[in-house]
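Student: Hey, could you walk me through this model? I'd like the overall picture, then some details.

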Amino acid sequence: MDNWVDVPADAADVWDRVVTPDGINHEMRPWMTMSLPRHAAGLTVETIPLGRPVGRAWLRLLGVIPFDFDHLMLVELEHGRRFLERSTMLSMRRWEHERTLTPVGGGTRVHDRVTFEPRVPIPGLASVLGRVIDAFFRHRQRRLRDHFGSGTVRG
């Protein structure tokens, strides 16, 4: 999955939004939310220690029903520009999410790249999950764009 959105805001303002739990959850709502483990309360993408698993970050359907968890681990961070998460999940043997912010005319381009490998080897499952994940990240990008105003969503 490889999508981008142009957000009509300065890169520093967009970065400040996308690295916080509140900003991440705003993007995901209403479909789901994610909560960090108690010992990680108050951490952001910028303050999570690189290369060390944070613990189980629970994913909740509609913000209520726990349905999966992410063994969240950030492996790369370029302050104000980029982060790379490389994790495992209950449902995924491998989950990798890279988000890059690039200043463009009129705002900031937010580029998301996701790769994954489901744990269950069911024929066709990766393809179906790929479409769901693609739609979910387009939703996240629309929510982020709309938080700052209007912009362009591309895949």
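This is a predicted model: local features need pLDDT of at least 70, side-chain atom pairs count only at pLDDT 80 or more; totals for chains, interfaces and linings use all residues.

Student: Ok. How many helices and strands are there in the chain?

Tutor: Three helices and nine strands. Those are DSSP runs, numbered from the N terminus: helices are H or I with at least four residues, strands are E with at least two. Along the sequence the pattern reads β-α-α-β-β-β-β-β-β-β-α-β.

Student: And how does the radius of gyration compare with the globule rule?

Tutor: The chain has a radius of gyration of 15 Å, close to the 15 Å that the globule rule gives for 155 residues, so the chain is as compact as a globular protein of that length. The radius is taken over C-alpha atoms, and the rule is 2.2 Å times the number of residues to the power 0.38. Along the principal axes, the C-alpha atoms fill a box of roughly 45 × 35 × 30 Å.

Student: What share of the residues is buried?

Tutor: 39% of the 155 residues. Buried means under 20% relative accessible area, exposed means over 50%, and partly exposed is in between, with a 1.4 Å probe and protein chains only.

Student: Now the helices. At what angle do helix 1 and helix 3 pack?

Tutor: Helix 1 (residues 11-18) and helix 3 (residues 125-148) pack at about 125°, with their axes 12 Å apart. That makes helix 1 oblique to helix 3. On the cut-offs, angles under 35 degrees are roughly parallel, over 145 roughly antiparallel, 65 to 115 roughly perpendicular, and the rest oblique. The axes are lines fitted to C-alpha atoms, for helices over the stretch in contact, and angles run from 0 to 180 degrees between N-to-C directions.

Student: Which residues in helix 1 and helix 3 meet?

Tutor: Asp13, Val14, Arg17 and Val18 from helix 1 meet Leu144, His147 and Phe148 from helix 3. By class, that contact has four nonpolar, one polar and two charged residues. Ala, Val, Leu, Ile, Met, Phe, Trp, Tyr, Cys and Pro count as nonpolar, Asp, Glu, Lys and Arg as charged, and the others, Gly among them, as polar.

Student: And how do helix 2 and helix 3 pack?

Tutor: Their angle is about 115° and their axes are 7 Å apart. On the helix 2 side, Ile24, His26, Glu27 and Met28 meet Phe136, His139, Arg140, Arg143, Leu144 and His147 in helix 3. This contact divides into four nonpolar, three polar and three charged residues.

Student: Which residues of helix 2 are buried?

Tutor: In helix 2 (residues 21-28), Gly23, Ile24, Asn25, Glu27 and Met28 are buried. Their cover includes helix 1, strand 2 (32-35), strand 7 (92-104) and helix 3.

Student: Is Leu62 buried or exposed?

Tutor: Leu62 is exposed, at 52% relative accessible area.

Student: What does Val114 touch?

Tutor: Val114 is in strand 8 (residues 107-118) and is buried at 1% relative accessibility. Leaving aside neighbours within four places in sequence, Val114 contacts Met1, Trp95, Glu96, His97, Ile133 and Phe137.

Student: And where is Leu84?

Tutor: Leu84 lies in strand 6 (residues 82-89), buried at 3% relative accessibility. Leu84 and Glu98 are 14 residues apart in sequence, with their C-alpha atoms 4.3 Å apart.

Terms used
Residues are numbered from 1 along each chain as its sequence is written. Side-chain values use heavy atoms; hydrogens and water are left out. Contact means heavy atoms within 4.5 Å.
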